[in-house]
Amino acid sequence: MDLDAVRTAVAAADTGRFQDAADALALTQQAVSKRIAALERALGVRLFARTPRGVTLTVDGQAFLPHARELLRVAARAEAAVRPGRRALRVDVLSRRIAPAGALQDFHRRHPDVELDVVALTADVDGAVAAVEAGTIDATFHAVPRPLPASIAADHALDDPHQLLVGPRHPLADAAAVTPADLVGHPIRMPGLAPGTEWATYYDELAAAFGLTIDVRGPVFGYEVFHAEIAESAELATLVGEGSRYLWPDRYDLRRIPLRDPAPVYPMSLIRRTDNRHPGLARLREHLAAHRREVPDAWLPSWVSRAGSAAAAGRR
């Protein structure tokens, strides 16, 4: 059903004259007559009867009018639901425990008027990019170690320095800071690090750069179990982001030790469609650019300039 014709019929019913409906809709009277005639043909009934003073609704027109008004209300709600700025900005943070979730929370504190829908898809970069392409989400935070489709852009959004997480009996437990060289000979446990993901790509390059051992063996039972194992062990260690938020019992006495000289940094980009005009997305990009912290003496993987800053600069 032609919604413009329905809108014209409602205007004619409200004003009682085709000319007044034409004035209200910025149309000619001829255009109003044609629209209503086409609607009547489509419905197979007459909606209006002409009188010396204008038009009145027929019995069928009176039956049609309330449904026509509801059609227009539903259409307006449908349009508002997808119009940029009229719906919540949907952003994937991968996990609510890591740095992107904190960055998005900071954005919300500073811009409470931007309605957010925060999701955690737990997908790798390929799955997240597919969700952005499909319009399931407006944006996602991921490292980007490989080229993106032409319709997708990535803004280098935040750098998350690493910390060493160990229990109180680990040889490095009492260090104020450690260097990557200090980790040689101390295996870094990263269970569940699937080959081919952006995480595996990053840690493969990190290990090669500093001669580290990244141990990915074993099943994944969740953070809580892993933290308990680290607390009880004199050998287990893992890496966590400085911006990550984990909780464990005080009795674990786990230590988060900064890495320095250089500071390995996990780079996160905000991935989005180039044609997404949601005003909240523009404001999020501005916020991230203004508050992105440069990490002194940072070590970044070789693909950052290509997949992060360069990609963002090349596709605005």
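Which residue of E11 is the bridge partner of histidine 156? The partner is serine 269. The legends below describe a predicted model, in which local features need pLDDT of at least 70, side-chain atom pairs count only at pLDDT 80 or more, and totals for chains, interfaces and linings use all residues. Residues are numbered from 1 along each chain as its sequence is written, and side-chain values use heavy atoms, with hydrogens and water left out.

View 1. Helices (H or I, at least four residues) and strands (E, at least two) are DSSP runs, numbered from the N terminus. Because 15 of the 15 residues of E6 are buried (under 20% relative accessible area, 1.4 Å probe, protein chains only), E6 is largely enclosed by the rest of the structure. E6 and E11 pair in the antiparallel sense over nine bridges; pairing requires that DSSP finds at least two bridges between two strands.

**View 2. Strand E6 with E9 and E10.** E9 (residues 237–241) runs antiparallel to E6 and is joined to E6 by five bridges, with histidine 162 opposite glycine 241. Four bridges link E6 to E10 (residues 255–258), also in the antiparallel sense, and leucine 164 stands opposite isoleucine 257.

**View 3. Helix H5 and its surroundings.** H5 (residues 99–110) has 12 residues and reaches 17 Å from its first C-alpha to its last, close to the 16 Å expected at 1.5 Å a residue (1.5 Å times one less than the number of residues). Its buried residues include Leu104 and Phe107. Among the elements against which the buried residues of H5 pack are strand E6 (152–166) and helix H9 (279–291).

Notes: Buried means under 20% relative accessible area, exposed over 50%, partly exposed in between (1.4 Å probe, protein chains only). Contact means heavy atoms within 4.5 Å.
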